[in-house]
Amino acid sequence: MTLDPARTAELAGNLARVRARIEAACAAAGRDPGEITLVAVTKTYPASDVSILAELGVTEIGENRVQEATAKAAQVAQAGTEVRWHFVGRLQRNKARLVVRFAELVHAVDSDRLAEALGAAAAARDRPLEVLIQVSIDADPARGGVPIAGLRQLAETVAKQPTLVLRGLMAVAPRSWAPTEAFARLAAAAAALRSDHPAATVLSAGMSGDLEAAIAQGATHLRVGSALLGMRAPLR
Ligand SMILES: *Cc1c(COP(=O)(O)O)cnc(C)c1O
């Protein structure tokens, strides 16, 4: 596949700016940028952008809609591009069978029923499915996520699924919160979780607008869309 040179230059420039922000935030926090995994969230953007990102060295790719992701993953594979897919959006139980076909890491497990559905679906894979539990920092059910009070119980349910590996936690900072406070609360929940599940070391936090605050609070995975790919059309 030939990659569009203008789009490649645009994404390369965006990527350089994002990497500079990550490096500055790591320097300020006394962290090694090598600890940070940049997940490019390519929702609404075409498979060709995924190929360009891979060419630029970004091979961790996130999507938030099962149908769009399934089609894009097939196109990207067809183009001969190898990437690792992350599913970062809310997932309905009846889509579990589809998501286990392409995703390596599912970021937003937020109920026992979803954990069990993913566990059953992941039996069809030749390797376990890695998952994160999405925490709702303000316990508002609207954006998804389990309230921190329910985290321990849900982690037990995930851990009981032989086909799932609990890798850690994910959260989106509530709009009305200062990101630093939101991610500090997430980090505290993650530390508590690790006393029962020491291998759950992933902290998926930080997007285009708040990645610095996330890095300062210990994020290991950033989910960055618009800062890399451009502003998405509204209504998603
Ligand atoms: C779209 C999306 C992102 C990326 O958001 P940007 O603000 O564009 O960086 C991150 N996480 C989730 C869950 C998303 O749906």
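**A note on the ligand and its pocket**

1. Let's start at the ligand: one of its oxygen atoms is 2.8 Å from a polar backbone atom of Ser226. That is a polar contact, meaning a pair of N or O atoms within 3.5 Å. From Arg232, a polar side-chain atom comes to 2.7 Å from an oxygen atom of the ligand. On its own the ligand has 390 Å² of accessible area, and the protein covers 87% of this (Shrake-Rupley method, 1.4 Å probe).

2. A word on the model: it is predicted, so local features need pLDDT of at least 70 and side-chain atom pairs need 80 or more, while totals for chains, interfaces and linings use all residues. Numbering starts from 1 along each chain as its sequence is written, and side-chain values use heavy atoms, without hydrogens and water.

3. Which residues surround the ligand? The shell includes Val41, Lys43, Asn64, Met170 and Met207, together with Arg223, Val224, Gly225, Ser226 and Arg232 (each with a heavy atom within 4 Å). By class, this shell has five nonpolar, four polar and three charged residues; Gly counts as polar here.

4. Now look at the space itself: the ligand takes up the largest pocket, with more than half of its atoms within 2 Å of the grid points. A pocket is an open set of points on a 1 Å grid over the protein atoms alone, with protein on both sides within 12 Å along at least five of seven lines; a cavity is a set where a 1.4 Å probe fits but cannot get out; lining residues have an atom within 4 Å of a point. The volume of the largest pocket is about 1,100 Å³, counted as the space filled by probe spheres set on the points.

5. The largest pocket is lined by 32 residues, and Lys43, Asn64, Val172, Met207 and Arg232 lie nearest its centre. Its lining divides into 13 nonpolar, nine polar and 10 charged residues.

6. How many cavities of 30 Å³ or more are there in the whole structure? The search finds one. The largest cavity holds about 40 Å³ of space, and its lining includes Gln134, Asp138, Arg143, Val172 and Pro174.

Terms used. A polar contact is a pair of N or O atoms within 3.5 Å; within protein, one must be able to donate a hydrogen and the other to accept it, and residues adjacent in sequence count only if both atoms are side-chain atoms.
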